[in-house]
Amino acid sequence: MLKVFYAGSPEPSAAVLRSLVENAKGFEVVGVLTNPPSAKKRSKELTATAVADVASSLGIPVFTPEHLDSAFRAQIEGLNADIFVCFDYGHIFGPKFLSMFALGGINLHPSLLPKYRGCTPVPAAILSGDEKTGVSLQKISLEIDSGDILDCREITLSGTETTESLMASDGVVVKNGIEMISSLLEKIASSESNGAFTLPEGKKQEGEASYTPFIEKSDGKIDWNRSACEIDRQIRAYTPWPTCFTENGGNVLKILEAHVFSGDVSSLGDTNSAANGTVIALLKNDGIIIKCASGFLSATVLQWQAKKAADYKAFANGARGFVGSVCC
């Protein structure tokens with residue numbers, strides 16, 4: 001039986017873990033590595049990660065070290081895991097840790113490597129307006145996301161996706177990831193000979209590598225001197241975090257859902273003299289129309305700071321004089 005040690009933290013990774021355990025053929029998850037419990041939002045109560053919750057419910061030992069040091073390595077040594085599998089854990093693995101697994105480690109990465117290495121590949125693909133992205137299953141190497149590719153699948157993008165929709169527990173990235181990891185582990189398990197397993201050869205990454213940065217809360221600030229298309233991508237890329245925002249009348253306003261206005265521009269009247277960021281109109285079937293450097297944005301779900309999110313009709317009812325105001 002192939003023994004697997006799994007690492008991850010958020011909901012999508014928990015969905016992968018659950019599927020691997022419940023549908024395992026020839027392999028067994030013997031332990032789970034995840035981030036320590038942390039405080040959520042304003043609550044001071046520490047909350048375990050989604051992966052920890054799933055592992056505990058399935059009776060799998062859970063490890064939440066602050067550091068992958070010698071003390072931690074001693075804790076998991078007795079598991080005798082053959083391979084390490086990671087999806088969305090968020091930490092770098094050193095040579096001493098990886099050497100504990102005879103087959104090394106594999107990592108599921110939501111991009112077409114070597115494009116968009118690093119921690120924010122999905123937002124990067126949306127921000128760039130890519131027509132496709134993908135999921136890569138790679139060997140873990142000491143250089144970030146540079147390992148040989150064991151499997152890769154393309155995902156066609158329609159231009160309406162958000163980071164949240166692509167990374168949802170039942171979304172296309174997770175579904176592909178489950179199939180790819182399960183297939184590989186089953187193949188490795190079937191290779192057993194005299195108690196040893198064989199990891200298939202991978203393919204060297206081809207093409208120029210690009211790296212994605214950490215996202216800051218300030219990245220959600222909307223610059224109305226950009227095109228409507230760029231702002232639409234920004235909103236979709238930064239959903240669910242950090243979300244995009246602007247200021248209006250001295251108050252912070254979040255724009256949670258929007259799209260590029262595709263209606264008859266002439267119906268908006270003369271907008272040539274209006275400043276970028278001006279709220280031009282409220283259209284019954286399109287949303288709240290805001291002028292951009294090029295084109296117009298239709299905002300459909302908005303939220304004042306400390307208020308509940310609302311669709312554009314309900315929002316407009318509570319924001320008299322909003323049309324004609326300027327977002328900045």
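The model is a predicted one: local features need pLDDT of at least 70, side-chain atom pairs count only at pLDDT 80 or more, and totals for chains, interfaces and linings use all residues. Residues are numbered from 1 along each chain as its sequence is written, and side-chain values use heavy atoms, with hydrogens and water left out.

**Overall picture**

- The protein has nine helices and 17 strands; helices (H or I, at least four residues) and strands (E, at least two) are DSSP runs, numbered from the N terminus.
- Its C-alpha trace spans about 80 × 45 × 30 Å along the principal axes.
- Of the 328 residues, 49% count as buried; buried means under 20% relative accessible area, exposed over 50%, and partly exposed in between, using a 1.4 Å probe and protein chains only.
- Taking contacts between residues at least 6 apart in sequence, 65% join residues at least 24 apart, where contact means heavy atoms within 4.5 Å.

- Seven strands form an open sheet with mixed pairing, in the order β5-β2-β1-β6-β7-β9-β10; two strands pair if DSSP finds at least two bridges between them.
- At the edges are β5 and β10 (149–156), each of which pairs on one side only.
- Strand β9 (residues 132–139) runs antiparallel to β10, and seven bridges join the two.
- Within that pair, V135 stands opposite R153 in β10.
- Helix α1 (residues 11–22) packs on the sheet and touches β1 and β2, its direction making about 165° with that of β1. Axes here are lines fitted to C-alpha atoms, for helices over the stretch in contact, and angles run from 0 to 180 degrees between N-to-C directions.
- A15, a residue of helix α1, is buried, with a relative accessible area of 19%.
- Beyond its neighbours within four places in sequence, A15 is in contact with S169, V174 and I178.
- A15 and I178 lie 163 residues apart in sequence and 8.5 Å apart in space, C-alpha to C-alpha.

**Helix α3 and its two sides**

- In helix α3 (residues 70–77), the buried residues are F72, R73 and I76. Seen down the axis of α3, these buried residues fall within an arc of 100°, so they line one face of the helix; the arc is that of the directions from the helix axis to the C-beta atoms.
- An α-helix has 3.6 residues a turn, so residues three or four places apart point the same way.
- The buried residues of α3 pack against β1 (2–7), β2 (27–33), β5 (62–63) and α4 (95–98).
- S70, A74, Q75 and E77 are exposed on the other side of α3.

**The largest pocket**

- The largest pocket holds about 1,800 Å³ of space. Of the 47 residues lining this pocket, P10, D88, Y89, G90 and C119 are the closest to its centre.
- The elements that give two or more residues to the lining are α1, β7 (105–109), α5 (121–127), β9 and α6 (163–166).
- On a 1 Å grid over the protein atoms alone, a pocket is an open set of points where a 1.4 Å probe fits, with protein on both sides within 12 Å along at least five of seven lines; lining residues have an atom within 4 Å of a point. Grid points are joined across faces, edges and corners, and a volume is the space filled by probe spheres set on the points.

**Backbone details worth a look**

- L113 and P114 are joined by a cis peptide bond, with omega about 15°; P114 sits in the loop between β7 and β8 (117–118).
- A cis peptide bond also joins T239 and P240, with omega about 20°; P240 is in the loop between α8 (228–237) and β12 (244–248).
- T243 is found in the loop between α8 and β12 and has phi near 70°, a positive value in a residue other than glycine. T243 is buried, with a relative accessible area of 14%.
- D88, in the loop between β6 (83–86) and α4, has a positive phi near 65°. D88 is partly exposed, with a relative accessible area of 33%.

- R236 belongs to helix α8 and is buried, with a relative accessible area of 9%.
- Setting aside neighbours within four places in sequence, R236 is in contact with I126, G159, T160, E161, T162 and T163.
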